[in-house]
Each structure stands twice: as structure tokens, then as C-alpha cells.
Amino acid sequence: MTERIWTSDPNKPNPKEECSPQSAEDFTGIQDVHRDSLHGRARVSLAPARSQEGARMNLAGTRLRAMFAKRTPLPCDWQREYVYKESKKPRFSRKAMTFITKILFNNILGRFIHDDFHEAVSSMTITDAFLFLMVHWVDKVEKWHRLPVILGLIYLAVRRRLHQHYNLISVGKSPSGVRVNPGDYKYRTADGSYGDPFNEGAGSQGTFFGRNIMPVDQTDKLKKPDPMVVATKLLTRTQYKDTGKQLNMIAASWIQFMIHDWVELIAPKEVANKCPLTSFKFYPTKEFSTGFDDVKTGAKNIRTHWWDGSVIYGSDKERLQKVRTLVDGKLKISEDGLLQQDEDGIPISGDIKNSWAGVSTLQDLFIKEHNAICDALKKEYPALNDEELYRHARLITSAVIAKIHTIDWTVELLKTDMLLAGMRINWYGFLGKKFKDTFGHVGGSTLGGLVGLKKPINHGVPYTLTEEFTSVYRMHQLLPDSMHLRNINVTPGLNKSPPLLEEVPMPDLIGHKGEKTLSQIGFTRQFVSMGHQACGALELCNYPSWLQDLVAQDVDGKDRPDHVDLAALEVYRDRERKVARYNQFRRNLLLIPISKWEDLTEDKEAIEVLKEVYGDDVEELDLMVGLMAEKKIKGFAISETSFIVFLLMASRRLEADRFFTSDFNEEAYTKKGFEWVNTTESLKDVLNRHYPEISKKWINSTSAFSVWDSPPNAPNPIPLYLRFPS
Ligand code: HEM
């Protein structure tokens with residue numbers, strides 16, 4: 001394999017006429033060709049062509065999407081940094097390789113592979129087909145999560161590679177325009193543009209959601225079975241089930257805080273009277289033509305797709321101006337540590353739609369963090385002006401949020417040694433924190449971690465979040481019916497637990513009313529109370545009934561006139577947005593599908609109701625219902641199916657972003673700022689900075705995301721990578 005450096009210098013001997021794209025779009029194309037030739041194959045997307053008879057999904061729709069690219073000179077010097085690797089001519093043609101794989105797998109190894117995957121495998125490269133065989137074999141004979149940590153990590157790495165190759169589907173024309181020198185944008189822009197040095201619009205506000213699975217048109221069965229029936233029989237909370245000591249209400253608020261950083265689909269102005277649901281009105285998802293044949297329409301994100309803290313900064317210039325003080329880089333916050341409100345009583349923060357007191361307190365905390373960073377930077381670098389302080393502080397705060405999510409929140413959500421190791425490898429690499437702190441990023445993503453990679457990696461598909469990612473994050477079951485307010489004015493009891501004062505119904509804590517209630521409660525009492533209360537479990541019949549009669553809000557935080565049944569709406573949304581139903585979703589993620597209800601759950605009562613609603617047709621099972629019904633892996637608060645999407649997308653959020661890779665350095669963050677990120681390890685660290693008394697007095701647990709009166713993690717003398725699951 002030969003390596004070529006991008007260059008604009010006409011005197012350089014590089015064969016630039018062969019490897020320079022004309023536009024950002026072409027550049028993306030070249031990355032595709034590069035990747036494809038590297039692996040000696042064309043890119044495959046698994047099309048969801050379930051047969052009419054409905055017996056099982058047929059992967060006959062699997063299509064090869066070959067990528068082409070024009071090659072013309074690049075104009076800028078900065079592109080010298082990015083290396084284009086050109087592979088030698090493959091010894092066999094792609095056709096021949098595919099033919100060999102087909103013969104090999106259909107005739108020899110096919111018998112070891114579940115019927116539903118034959119066609120998909122026959123379209124893979126030989127390497128991928130063998131890797132698939134490996135994970136498939138583990139799926140069949142042994143559960144991967146029961147493997148020793150090191151073997152489990154290998155399984156997950158192989159799986160992630162397969163999904164990076166087969167589950168990233170671009171939607172719409174990637175935005176193109178004049179390429180810029182990323183050196184001119186060493187900061188996160190208001191709308192997320194210029195986040196990708198090769199594609200200035202990628203991941204910005206108003207761009208299409210990508211796909212992990214090809215869309216499945218369900219126009220003829222939007223109401224089959226009726227979403228109201230599905231919601232009432234399988235989702236509505238009958239008795240509150242919580243997560244025990246594993247996750248608290250801060251953890252539930254945290255993920256909503258993240259969702260408001262990441263996704264929200266655009267809705268049009270007109271009310272959709274023609275929608276199939278008749279008992280309540282709602283806006284249909286606005287679909288835009290992509291101008292392409294493979295995925296014809298798509299929805300756009302009103303937030304930026306990047307992990308850029310839009311929940312506190314907003315996703316456009318207007319909101320950004322509203323939240324900034326324009327003095328010393330700081331953001332607006334009230335004297336009492338809560339969000340300021342505008343003249344209409346609407347809180348001032350990056351994202352305020354469909355929010356509640358729990359999310360507001362996290363916004364408060366991270367606005368304080370941003371402002372503290374501004375102070376620290378100003379002290380260290382007095383010459384920095386308001387704009388420069390703001391830009392650096394935003395980069396630093398966003399990285400702190402991403403780090404906490406990766407090595408604190410996710411670790412509590414997927415509480416196993418394997419995932420503790422996996423998440424730390426994503427941030428610090430296999431060599432670990434001490435090594436990275438001393439020697440910097442060494443090696444590739446495995447040894448050195450995704451963060452600090454020499455260049456961003458998008459696997460040939462411009463970075464976006466995806467429809468399927470949104471669907472697996474439909475987790476409203478995390479919310480309880482009431483908040484248990486604690487008395488913080490008396491000495492805490494056993495394990496730092498403050499006594500219960502009163503129960504506040506959740507509807508009193510949402511929207512405008514919620515802001516008023518929060519100002520009476522105060523930051524400390526709200527935060528301590530959330531810390532000591534377990535959040536809801538992601539299970540069937542645990543959807544809060546108060547969300548089934550909800551006044552939803554517009555982007556500007558104003559109440560909409562109609563109440564909605566959010567549970568029924570969510571079932572409808574997945575179908576409307578062409579997200580595959582549960583079984584098809586699993587197949588497309590190369591997970592063994594279910595063939596009977598007993599494969600999904602051991603709960604006999606649940607099986608009865610599933611049969612009532614869906615009959616014997618497991619293919620009809622809605623995604624959200626399947627995710628809730630699925631028997632959970634020990635230590636996991638979410639389903640295995642959801643986890644596979646996380647495995648792919650959590651890594652992608654880091655590796656595709658230049659501010660976590662090529663621009664994760666002292667130049668962009670400042671020396672002080674880089675140190676700030678590197679020395680912050682958890683939410684507790686941030687809390688300690690701004691409210692040191694909270695940890696000292698009320699937190700007994702190791703993580704601020706587990707219920708605070710739980711015991712701290714016991715020390716384990718066995719090195720992490722050598723552990724076995726308990
Ligand atoms: C009081 C708290 C909450 C309220 C009032 C609320 C309300 C809403 C509403 C009205 C929608 C839009 C429904 C539609 O038109 O399709 C929505 C979507 C969503 N919510 Fe929540 N939610 C809350 C908490 C949460 C939590 C804790 C999560 C956890 C992850 C969550 C995740 C989502 C997701 C993933 C969507 C889909 C995004 C989209 O359609 O673009 N929400 N929520």
C-alpha cells in the first residue's frame with residue numbers, strides 16, 4: 001500500500017491529479033473509494049426487504065452501493081495534513097472475490113449461519129464474512145457478555161467494525177460548498193458547520209438524519225396494530241418499576257440533557273388533521289426529498305448532530321446570542337444558580353423544549369462550568385477577548401460533557417467490567433489514562449483511544465446521527481410519577497440519605513410550571529433529591545401515564561394547544577419514520593432474530609398480552625415494545641438490541657469529530673483548557689467544583705449517577721482486562 005499526502009503545491013511530486021477532489025462531496029466519495037479499495041470491496045447496505053408473506057425478512061434487497069469519485073487538484077495547504085492511502089490493484093477482481101465468498105459460504109460454511117443471514121454474508125468481503133462468522137458463532141453458542149473481559153472486548157471490536165461497514169447509510173446529498181481551512185475554525189460554530197474538515201455542512205443544524213438500516217415503508221400499516229392499543233396494553237404503567245440502586249434521577253435527566261444536545265426532528269407549521277390517530281392531534285414528521293433514489297426522503301435535525309453542548313448553547317446564532325452575556329465569554333445564569341427567564345417567563349438556555357426541572361438543573365450546572373472555565377482562562381490568558389474566551393470555554397465544556405457521558409454515565413448504564421473497560425478504551429485507549437497522560441496519544445484507536453486520533457474517521461459516510469439512534473433513545477419509561485423531595489436541612493441518615501419531605505407529582509415539574517416549582521425548591525434540594533431517587537426501568541408496562549396526556553411544546557418553549565398521548569405517538573413515529581420493526585431491526589444489526597415470543601421474554605403474562613396485540617406474528621412487533629420486553633443482560637439497564645446501536649454511534653460521535661481527534665489539542669483548547677478536560681473524570685468532579693458541600697454531605701456512592709446512598713464500589717485486586725463476569 002502506498003501513502004500519498006494531500007498537497008496544493010504544484011511543484012511537489014505528488015500525483016495530485018489522481019487524488020484531489022473538486023468539492024467536499026467528491027472528497028467524501030474519495031474516502032469511500034479509499035475505504036472500499038482498502039478492503040477490496042464495495043460498500044453494502046442491508047436493505048430491509050421483508051417478504052409480503054411476512055414469514056421472515058428477506059435480505060434479497062441487499063444491494064451493493066459502489067462509490068465513485070472525481071479526482072482533481074485540491075487548493076489548500078492544510079490538506080497536506082490528511083493522508084490519502086491508495087491501495088495497490090487487488091490481485092482478484094471484486095467480482096471474483098464476491099463469487100468466492102458466495103461459494104464458500106453458501107456451500108461450506110452456510111450451514112453454521114442462521115438462514116436469514118446467508119444473502120447478506122454472501123455480499124461481504126471474505127474478511128468481513130469470517131469476522132461475521134466469528135461473532136455469529138459466539139451469538140449462537142455462548143453469550144458474548146459471559147465471556148472473560150478481554151475476549152468480550154475483541155467480540156465488541158469485531159462487531160463494531162462490521163457495523164461501521166454495513167450500518168452507516170448516508171441520507172441525502174452531503175452539503176457541499178467552498179472548502180475551508182479547518183485552521184480558520186478552531187472552534188465550534190453556532191450551527192455545527194465546519195465540524196468535518198472534508199465536508200463543511202456535515203452534522204450541522206438542519207441536515208438529514210442518516211440511517212443505520214435502510215428505511216422500511218410502513219404506509220399501509222401505520223395503524224396496524226393500532227398504536228393506542230399497543231400503548232394501552234403493553235406500555236402504560238401498571239405499577240412503577242425502578243432500576244434499584246443502579247441509576248438515579250440525575251442519570252435519567254442526563255440522557256434527556258444529551259438528547260437535547262443531539263436530536264429533534266423538524267415538524268411543519270400546519271396541524272395534520274389527516275393523521276390516522278383520531279383521538280388527539282399532532283404534527284406529522286416533515287419529510288424532505290433527498291434527490292436520491294436509494295433513500296428518497298428523510299427528516300432533518302433541528303439541532304446540530306455534533307456533541308457540542310447545544311443543549312446549553314443552542315443550535316443557531318440567534319439562540320447563541322440569547323444565552324451569551326457577551327462579557328468575558330460567559331453565559332447567562334441567575335444569582336440563585338438557576339436559569340434566567342425572558343420577559344415571557346421562558347427559561348434562557350440552549351434547548352428548552354419539552355424540558356423539566358431535572359434537565360434545567362444540569363443546564364444550570366454546566367453553565368456554571370462554562371463560566372468557571374472562562375474565569376480560569378481569563379486569569380491565565382488576560383489578553384483573550386469575550387469571543388475567544390467563549391469559543392475556548394465551549395470546546396472545553398463540550399468535551400467535559402462528552403467525557404462524563406463516556407466514562408461515567410455509560411459505565412453506570414451498562415454496569416459490567418467489560419463495558420467499564422470498553423468505555424475507558426474509547427476515551428483513553430487500551431494503554432490507559434496514566435500512559436496517555438504521560439506520553440500522549442500513541443497508536444491507533446485501540447491502543448490510544450478514539451479521542452486524540454490524528455484525524456477524524458467517518459468510515460466513508462458523512463457524520464450524522466441516525467433515525468435508528470433516535471428510536472433506541474425513546475426512554476420515557478425512565479421517568480417516575482413523582483419526585484421524592486428530601487429534607488436537606490437536617491443531618492442525613494444512614495449512608496448519607498436525607499429524610500423524605502414530600503412527593504411532588506412530575507407534571508408539576510415540567511415546562512413553565514416546572515421552572516416555577518424549581519425556583520421554590522432550589523438547586524441543591526432538587527439535585528440531592530434526584531441523586532437519592534432511583535429512575536424508572538426500561539420495561540413493559542412502565543410508561544408514565546402522565547406523559548400519555550401531555551401538553552407538548554414548540555421549539556421556542558411555548559405550549560402547544562393539544563394534549564398528546566406520547567406513548568402511542570412514539571409507536572406511531574417509528575412507523576411513520578420508516579424505522580424497521582423489532583425483528584427486522586435485529587436482523588439488520590446482524591443479531592439473531594426471534595422466532596417466537598418466548599425468545600424475547602420469559603414473562604408469561606407479557607407473552608399473553610403480546611399475543612393478544614400481535615397474534616403469532618413476531619414480525620409485527622413494534623421496535624419500542626421489543627426493546628422494553630427484551631430480557632436484559634445482567635448489569636445492563638438497556639436492551640442488547642439498543643446497545644448495538646450505541647456501540648456503533650457512541651464511538652462515531654467521538655471519532656468523526658475533529659474536536660475530539662485532530663483538533664483535540666492545546667492549540668484549540670489552550671493548555672489550561674486541555675488540562676481541565678484531562679483532569680475531569682466524572683460528574684462528581686464537576687459537582688465538587690461548584691457545590692463541594694453536596695458530595696461531602698450527601699453522596700455515598702462512587703458515581704453521581706447511581707443512587708447516592710448505595711455503597712461505593714469495592715476495590716477489586718484483579719486487573720480489569722483479566723476479569724471474568726460474575
Ligand atoms: C419531562 C420530561 C419529558 C418530556 C415532557 C418529553 C416530551 C417529549 C415530546 C413531546 C417528544 C416529541 C414527540 C413527537 O412529537 O414525536 C419527545 C421526544 C423524544 N424524547 Fe422526550 N420527554 C421527556 C423526557 C425524555 C427523556 C428522559 C428521554 C430519555 C432519553 C427522552 C427522549 C426522547 C426522544 C429520543 C425523543 C424523540 C426525538 C424526536 O422525535 O426527535 N425524553 N419527548
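A crossing of two helices is called left-handed if the near helix is turned anticlockwise from the far one by less than a right angle, and right-handed if clockwise. What we have here is a predicted model, in which local features need pLDDT of at least 70 and side-chain atom pairs count only at pLDDT 80 or more, while totals for chains, interfaces and linings use all residues. Residues are numbered from 1 along each chain as its sequence is written. Helices (H or I, at least four residues) and strands (E, at least two) are DSSP runs, numbered from the N terminus.

Let me begin with helix 12 (residues 386-413), which passes helix 25 (residues 671-679) in a right-handed crossing. They pack at an angle of about 15°, with their axes 9 Å apart, where axes are lines fitted to C-alpha atoms, for helices over the stretch in contact, and angles run from 0 to 180 degrees between N-to-C directions. The two helices are therefore roughly parallel to each other, a term for angles under 35 degrees.

Now to helix 19 (residues 566-576), where ten of eleven residues are buried, that is, 20 or more other C-beta atoms, placed from the backbone, lie within 10 Å of their own. What covers these buried residues includes helix 7 (227-235) and strand 12 (559-564). Just after helix 19, Lys 578 takes a positive phi of about 60°.

Which helix gives the most to the shell around the ligand? Helix 8 does, with four residues.

Definitions and conventions. Buried ≥ 20, exposed ≤ 12 C-beta atoms within 10 Å, placed from the backbone. Contact = placed C-beta atoms within 7 Å. Parallel < 35°, antiparallel > 145°, perpendicular 65-115°, else oblique.
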